[in-house]
Protein chains: 4
Amino acid sequence: MRVGVLGAKGKVGATIVDAIEAADDLTFTVGVDAGDPLTLFIDSQTEVVVDFTHPDAVMANLEFLIGAGINAVVGTTGFTDQRIAQVRSWLADQPDVAVLIAPNFAIGAVLSMEFARQAARFFESVEIIELHHPHKADAPSGTAARTARLVADARKGLPPSPDATSTGIDGARGADVDGVRVHSVRLAGLVAHQEILFGTQGETLTIRHDSMDRTSFVPGVLLGVRNVGDHPGLTIGIEPLMGL
Amino acid sequence: MRVGVLGAKGKVGATIVDAIEAADDLTFTVGVDAGDPLTLFIDSQTEVVVDFTHPDAVMANLEFLIGAGINAVVGTTGFTDQRIAQVRSWLADQPDVAVLIAPNFAIGAVLSMEFARQAARFFESVEIIELHHPHKADAPSGTAARTARLVADARKGLPPSPDATSTGIDGARGADVDGVRVHSVRLAGLVAHQEILFGTQGETLTIRHDSMDRTSFVPGVLLGVRNVGDHPGLTIGIEPLMGL
Amino acid sequence: MRVGVLGAKGKVGATIVDAIEAADDLTFTVGVDAGDPLTLFIDSQTEVVVDFTHPDAVMANLEFLIGAGINAVVGTTGFTDQRIAQVRSWLADQPDVAVLIAPNFAIGAVLSMEFARQAARFFESVEIIELHHPHKADAPSGTAARTARLVADARKGLPPSPDATSTGIDGARGADVDGVRVHSVRLAGLVAHQEILFGTQGETLTIRHDSMDRTSFVPGVLLGVRNVGDHPGLTIGIEPLMGL
Amino acid sequence: MRVGVLGAKGKVGATIVDAIEAADDLTFTVGVDAGDPLTLFIDSQTEVVVDFTHPDAVMANLEFLIGAGINAVVGTTGFTDQRIAQVRSWLADQPDVAVLIAPNFAIGAVLSMEFARQAARFFESVEIIELHHPHKADAPSGTAARTARLVADARKGLPPSPDATSTGIDGARGADVDGVRVHSVRLAGLVAHQEILFGTQGETLTIRHDSMDRTSFVPGVLLGVRNVGDHPGLTIGIEPLMGL
C-alpha cells in the first residue's frame, strides 16, 4: 500500500513517516508540507494520505484528496458538524473514496472506553481515577469526563453506586460526573494514565490504560491506513475499523 | 419471580438462598437437599431452580425440572459432552424450558476474558500475571491457562509478542501457553487475582480481575436467575445472557 | 512462651486463640471473659496476655496484670493521655513488666506509613488514594488522613506538590489534608486498600497496602506477644518492636 | 554552589547541564569533554563536578579533581575493588574532598530496595515482578536480581515463602533467585518497572517503582551535588546522603 503524509515535517508527521517506512507492508511515497503542491500525491500514485496538519488547512486537503480518489486518515482537530457535512457531501460524488476522521488514535484508550461501556451495567459500583503529569490544566481530564458520561449512559435505569459516606473532608469523594465519581491525581513523573474500577459482591474489575509517551497514536494511525479502504464514505473514530 | 434452591444447606447454596431473600424482585420458595422430594418445587410454584449440588445428583435433578417445565441455573460441575447431549435431548421435548449451565459465574472473570479476546489482535505484546494464595496446587491457574489460549486463538496470524531475552535464569519469562507468557505469583494474604497486560508503541492496556472472597459467584447466579427465561433451550456460560 | 487471652470468646479474641494454638513456639494457657476471675492467668503460669476487650474493662485488666508481673499486648481502644499516664505509674513500681498498647496491628499498614514518612522528602509530588467498601462512613479514612499528616510533616520546608490545575469540576483534585491531596474511592467488592504515590522527574514510587480480610491484625499481635518482653515499660505502637 | 560537568556533550551529560541551569541554588560553570583541559574547572572556581564519562577516562578525572580539592559526583561505571582502593588512597591525602560513586541515581529505585530490605523479615511471602520493554536482553533484570538477593539476605533464618504448587507448566512460578521468585514481563510500550510483593495473613504490601523515561537519574544526581560536601571521603551509593 502506497502512503503519503501531509504535515510530514511536523513532529507528529515525522513520527508517522518513520512508522510507515518501518512497516513491511507499507510504502512511503511523499511528504507534503505548507507550500508543496498536493498533486505530488497523484504523481506518486499514493493510495492513502495521513493528515495531521491544522484546522485551517485540512478542509482544502480533503477536498483535493477526495476529488483525486485518494483515501484519507485524518487526526487534525476542529471538525464541526458543518465541516463533517461538507466532507460527506464531497464523498457523495466519490462513493469509492474512504475518509477516516478520529479524535483519538490511541488503541488502548479507545478499547478501555469501549470495555467500560460494555461492563457498566453488570456492576453495582463504578469509579474512575485518572492520573497525569502536574502541568495539566483541567481536572478531570477530557477523556475521564467522556468515559464517565459513557458509563453513566450505559447504567441508565440502574441504582446509583452505593456510598454510605456521611462525614469527611470536601473533595475526598472526587468530582461527580453524571453520577460517576472521578478522581484526578497530578504527580511529577507521570504521563497520562486512567483506571476504571468496577465492583460487585466479592470481586472487582479494573481497566487501566497507560500512555507512556507521545507516540502512542502511531499504531492506531497505521490501523487506519491499512483498513480505511474497507470502509468507503466517512468514518468517525477508529472503533468501526476495529470491529467495535 | 419465584426461585428455589437445590443443595440449599450447602455453603454455596445457603449463600444463594440469602441473596435471593435479599433481592426485592425475587421470592425464595423452597430449599431442597438430599432426601427431600423434588416435587416441593411444583407444590411451591417455583419458576427457576438454582442447582449447586454434585455431579452424582445433577442429572436426575435436571430431568425432573425440565419435565416439570421449571427453568434451571446450574453451577454444578462434571458436564461431559455426553451429559450435555442428554440435557439437550430432554429439552427438545420441552421447547419453552430454559437451562443455563455455567463453569464460572463471576461476572468480572467472564468479562475480563471477553475483553482480552476483543483486545488481543490490536497489540504487539500480551502477557498474563495471575496471583493466588499459596495453598493453590496448580500453576498457572486454570483460568489463566484458558485466558492465554483464548488470547492466542484471537491473535492467530499475527507475529509473536516481541522478546529479545538472550540471557537469564530459567523460569524468569514465565510459562509458555500457546505462545502467551503466563506468570504465577503465590502469596500469603492474596485470594484470586489476574492481570492481562497488552502493549504497543507508547501505551499499555491492563485488564485486572480481583476476587476478594468466595461469594463472588452470587451476582452472576442472580443474573442467570433473572435472565435464563429469555433463552429457552440450553445455554452454556453466562456470556449469552450478558449480551456478549 | 505461655500466652493467655482476655476477651477470648469475642470474634477477635477467638481468632487470636486459634493463632496462638497454631504457633509452634507459643502455648495457649487460658481464655478469660467477663465474669471469669483474672487469677486464672496466675494459676496457669501465663507469661503474656492479649487484651482485645472493651474500654470499660481494660484498665482493671492492666492494673491486675502489671501487679501480677504478667506482660500485656493490648488492642483495646480508648486510651486517653490520662489513661496512658496511669498505666505508666503502675509500671513504675514493676520495672520488669512490659505493656504494648497499639492502635493498629496490621504490619503492612504500619510499614506503609513508615515508608511514606521516609520517602516523603525525596519527591516533588505526593498524593494518597484510599479505596474501601461502600459501607464506610468517613472519607477520607482515618488511616489516610493520618498518613497524609505524617507525610506533610516530613515534607516541612519543601515546596508544595506542583499542580497547574486551573479549570475543572469541584472535588476532582481530592481532599486537602495539610497540603496533601487524598482521594477516597468507595466500591462494592473492596475491603480496605491504600496507595501512597510519590513522583519526581521520570519516575514514581507507589506504596500499596491491601487488607483482604478482618484477620490482618493476627501477625502483628503474634509479633507483639513474641517481642513485648524485650521492651520493659510501656510501648505505644508496634513500630519499636519492629526496629522502626 | 558552582557545578561543572564532565562529558557535558553526551546525552546524559547534556541532561545534567540542563538540570543544573534550571536549579535556583546551583550555578553551571563549565562543561568539559574529551580534549578539553581539566584546568577549566579550576579557572571557573567549580566546587563540584559531575562525571558521567567512560571507564577509560574516569580515573584520570578523579585523580585531577581530588588533587585540585574539587568534590565529585560520579555515575560512570566500571569501578572494581582495585579502582575503589585507588580512589580511597588519593582521598587519604585530601581529607576535605568528597567523592560520591553511585551505580544507581534513581531515588525511587534506591528507596524501593531499601524498603524491601526493611519489610522482608515481617512477611511470610515475598515475590518480585519486573516489567520492561521487549528489547531487554537479560531476564530477570539486574535490579530485580539484586533486590531478590537483598530480600533473601534480610530473611535469613525465616522459613521459605509458602508454596503448595504441585502441578503446572515449567516457568510459571518464575525464576528462583536465592529462594525468592522473580517474574520478568516483556511488553511493548513499557519502560522499566518493578513490583515487590509481600504478603501475610489477610494483607499484602506492594512496593512499586516506575521509571517512565531515561531522565530519572536527574533528581538523584542533584541530591548528590547538593549533599556530597557533607560526606568527606568516599561514599558508595546515594543511600548515605539520603540518611538511609
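This is a predicted model: local features need pLDDT of at least 70, side-chain atom pairs count only at pLDDT 80 or more; totals for chains, interfaces and linings use all residues.
**Stop 1**

Start by selecting residues 125-132 of chain A, which make up strand β6. Eight of the eight residues are buried, so the rest of the structure largely encloses this strand. On one side you'll find Ser125(A), Glu127(A), Ile129(A) and Leu131(A). Pointing the other way are Val126(A), Ile128(A), Glu130(A) and His132(A), and the members of both sets are buried.

**Stop 2**

For a landmark, pick Val126(A) and look across to Phe198(A) in β11(A), which stands opposite.

Click on Ile129(A) and you'll see His183(A) of β10(A) opposite.

**Stop 3: the annotated residues**

Now select His133(A), Gly142(A) and Thr143(A), which an unreviewed UniProt entry annotates as "binding site".

Zoom in on His133(A), in the loop between β6 and β7 of chain A. Is His133(A) buried or partly exposed? Its relative accessibility is 19%, and the cut-off for buried is under 20%, so His133(A) counts as buried. Show what surrounds it: apart from neighbours within four places in sequence, His133(A) is in contact with Arg186(A), Leu187(A), Leu190(A), Val191(A) and Arg214(A).

Then move to Thr143(A), which sits in helix α6, residues 142-154 of chain A. Thr143(A) has 28% relative accessibility and therefore counts as partly exposed. Which residues does it touch, not counting those up to four places away in sequence? Select Met113(A) and Gln194(A) to see them.

**Stop 4: both chains**

Zoom out and bring chain B into view. Rotating by 180°, with 0.0 Å of shift along the axis, superposes chain A on chain B with an RMSD of 0.1 Å. The two copies are thus related as by a two-fold rotation axis. To find that axis from chain A, select Ile207(A): its C-alpha is the nearest in the chain, 2.4 Å away.

Finish by selecting the interface residues. Of those in chain A, 100% are also interface residues in chain B, so the copies meet through the same surface.

How values were computed:
Residues are numbered from 1 along each chain as its sequence is written. Chains are lettered from A and ligands numbered from 1 in the order in which they are written. Side-chain values use heavy atoms; hydrogens and water are left out. Buried means under 20% relative accessible area, exposed over 50%, partly exposed in between (1.4 Å probe, protein chains only). Helices (H or I, at least four residues) and strands (E, at least two) are DSSP runs, numbered from the N terminus. Two strands pair if DSSP finds at least two bridges between them. UniProt positions are given in the numbering used here, feature names are shortened, and annotations may be inferred rather than shown by experiment. Contact means heavy atoms within 4.5 Å. Copies are superposed by least squares on the C-alpha atoms of residues with pLDDT of at least 70 in both.
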